[in-house]
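Good morning, and thank you for coming. I would like to take you through one structure, from its surface to its ligand and then to the confidence scores.

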Amino acid sequence: MSNNEQALISEADRRAKNYLAATTERRVFPDTETIAALDIFKETLPEKPQDALATLDMLDEYGSPATVVSNGSRYFGFVIGANLPIAAAADRLAQSWDQCASSHVNSPAAAAIEKAATGFVLEALDLPRDAAIGFGTSATACGLSCLAIARRELLLRQGWDFDRDGLIGAPEIKVVVSQLTHITVIKALRILGFGVSKIQYAPVDKHGRIDPVRLPKLDECTILCLQAGEVNTGEFDPFIPLIDTAHKAGAWVHVDGAFGLWARASKTLRHLTEGVEGADSWTTDGHKWLNTPYDSAMAICRNAAAMAATMNADAVYSNAEPDAQKNLTLEFSRKPRGISIWAALRTLGKEGLDEMITRHHNQALRLAEGLRGAGIEVLNRVVLNQVLARLDDDALTLELVKRVQDSGKIWFGGTRWNDRAGFRLSVSSWRTEDADIETAIDEITTHYEGLR
Ligand SMILES: Cc1ncc(COP(=O)(O)O)c(C=O)c1O
């Protein structure tokens, strides 16, 4: 049995390098044969130890070809960034450290670097510099944390001790969300016990932004959830009037900015986020538009003490400072996710970040122009990096999406918009060059003409 650590790591590195080198040649989505070959993983747990190199070989031989090349330049599905080289490299090194990044005592290095990452993120997003950040797995998990903090804090203001007395008999905390809020916000609310039937929906205008005039009534027992970057259109709620109304009523404002919050880092796009800094909490992802590896998200809370109190996990054997990550995130033991965020931001700098975000916006504009040129209806204004389109006929729209996906050259997904089939393209990968955008336009145009 080969279990030599150095040999295994070197072999994994060699295979990883080969994988990345072949990124441009791979189909963006694997073909059916390659997917069928994944059946090899349906084996039973071996009784006896296996050769470790053989395990690695199986992973590479059958796993690598069946991956979706979302880490490439021609993947426009969902909102999925690629992995910046420095983010991947920093993650790679940190993996070999294998730190439990709960607190300073678990890992001085991780604690110090995640504090540095906190400072960088707050500066890049221009949010209150004394806000706290918990580096969590996803916008879903981080949103859940923020909503839990919001509820606890609103109840505290009503003189109710949530930690001690729970929810039974507590003043009711209402939630108002956009009619187009992301499903993961609803999921978080459902898990937290808000009750989906009790959620109030704020009507949106024709662009998909909450209409301040039709905002349901808010009070000091309300959480208002806003959006920076609607998942289909990339649109932003009008933060200035909404946050002003909410705060006058004593409500808490949470902003889901899973990808859109990064518009703040672009001088061209920053105006879209005007006023968002006035909210009480925000969530965003690194693994979408910042192009860091997966499992890198941020729960950001203006009231650092409220966050630390809600998320605290001190124990007799494990006491830590209030801003230790185990006291800011859902996890007790965790990997130091903030490291790749720190590395990406330090390496890009403000200018590099601005350039990447602005470039994606310009590429999305070109994509929309190309689709319109082909006679395809673009449904959104393309304020950000999202392009939403459809054909005259729903069945044709679905067929177009299928044909493009089957081509393996580019990939994007379908959606529903105003009860009609549509498709959406997101430009989020640092690897995407202008030539990739032209490839996408040509590919879509060719299949569209074939369909007509
Ligand atoms: C607007 C928005 N919010 C939240 C999420 C959930 O993010 P995550 O996948 O990191 O949980 C997404 C994911 O696509 C999103 O686009």
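Let us begin with L59, which counts as exposed because its relative accessibility is 52%, and the cut-off for exposed is over 50%. Please bear in mind that this is a predicted model. L59 belongs to helix α3, which covers residues 52-63.

I now turn to the ligand. Which residues come nearest to the ligand? There are 13 residues around it, and A139, T140, D256, D285 and K288 come nearest.

Some of the contacts can be described atom by atom. In D256, a side-chain N or O atom is 2.6 Å from a nitrogen atom of the ligand. For D285, the distance from a polar side-chain atom to an oxygen atom of the ligand is 2.7 Å. H287 also takes part: an N or O atom of its side chain is 3.0 Å from a ligand oxygen atom.

Finally, a word on confidence. The mean pLDDT of the chain is 97, and 99% of the residues score at least 70. Among the elements of the chain, strand β5, residues 252-256, has the highest mean pLDDT, at 99. The lowest mean belongs to helix α1, residues 5-21, at 96.

Thank you for your attention.

Notes:
Residues numbered from 1 in each chain as written. Predicted model: local features only at pLDDT ≥ 70, side-chain atom pairs only at ≥ 80, totals over all residues. Heavy atoms only, no water. Helix = DSSP H or I, 4+ residues; strand = E, 2+ residues; numbered from the N terminus. Buried < 20%, exposed > 50% of the residue type's maximum accessible area, 1.4 Å probe, protein only. pLDDT = per-residue confidence, 0-100. Near = heavy atom within 4 Å. Polar contact = N/O pair within 3.5 Å; in protein donor to acceptor, adjacent residues only side chain to side chain.
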